[in-house]
Amino acid sequence: AYKTLETHLWKKGYAATDLLSTMFKLVKNSNDLPEFLKVEFIKEIGFAHKRALEGVGSLLQISGLLARLCE
């Protein structure tokens, strides 16, 4: 997942806020995830989005989110 994030999205110039917004929409509209997992994913994405809006929109920040979602 990290390799795809780095090579196909980050290096092509997508902003952290754009990636986080898209992740939020995908999780919110997913019918495959149980409801409690959706809530946890949305919470983590929200925290990362808040940090990105504060100016910490780095690859490391997005990678950390990806790691927390994979736990």
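Helices α1 and α4 cross in a right-handed manner (right-handed if the near helix is turned clockwise from the far one by less than a right angle, left-handed if anticlockwise). Helices here (H or I, at least four residues) are DSSP runs, numbered from the N terminus. This is a predicted model, where local features need pLDDT of at least 70, side-chain atom pairs count only at pLDDT 80 or more, and totals for chains, interfaces and linings use all residues. Residues are numbered from 1 along each chain as its sequence is written, and side-chain values use heavy atoms, with hydrogens and water left out.

Axes are lines fitted to C-alpha atoms, for helices over the stretch in contact, with angles from 0 to 180 degrees between N-to-C directions. On the α1 side, Y2, L5, E6 and W10 make the contact (heavy atoms within 4.5 Å), and they meet L59, I62, S63 and L66 of α4. By class, that contact comes out as 6 nonpolar residues, 1 polar and 1 charged. Nonpolar covers Ala, Val, Leu, Ile, Met, Phe, Trp, Tyr, Cys and Pro; charged covers Asp, Glu, Lys and Arg; the others, Gly among them, are polar.

Next come the partners of α3. The axes of α2 (residues 16–28) and α3 (residues 35–53) come within 10 Å and cross at roughly 165 degrees, which means that α2 is roughly antiparallel to α3 (angles over 145 degrees). The crossing of this pair is left-handed. Residues of α2 in the contact include L20, M23, F24 and V27, while those of α3 include F41, I42, I45 and L53. The tally for this contact is 11 nonpolar, 3 polar and 2 charged.

On α4, the axis of α3 comes within 10 Å at a crossing of roughly 170 degrees, so α3 is roughly antiparallel to α4. Here F41, E44, I45, A48 and R51 of α3 touch Q61, L65, R68 and L69 of α4. This contact has 5 nonpolar, 1 polar and 3 charged residues.

As for charge pairs, the structure has 3 salt bridges (a side-chain nitrogen of Lys or Arg within 4 Å of a carboxyl oxygen of Asp or Glu). One of them links K43 to E40, with the closest N and O atoms 3.3 Å apart. Both residues sit in α3, 3 residues apart, or about one turn of the helix.

Confidence is given as pLDDT, the predictor's confidence in each residue, from 0 to 100. The chain averages 93, and 100% of the residues score at least 70.

Note on methods. Helices (H or I, at least four residues) and strands (E, at least two) are DSSP runs, numbered from the N terminus. Angles under 35 degrees count as roughly parallel, over 145 as roughly antiparallel, 65 to 115 as roughly perpendicular and the rest as oblique.
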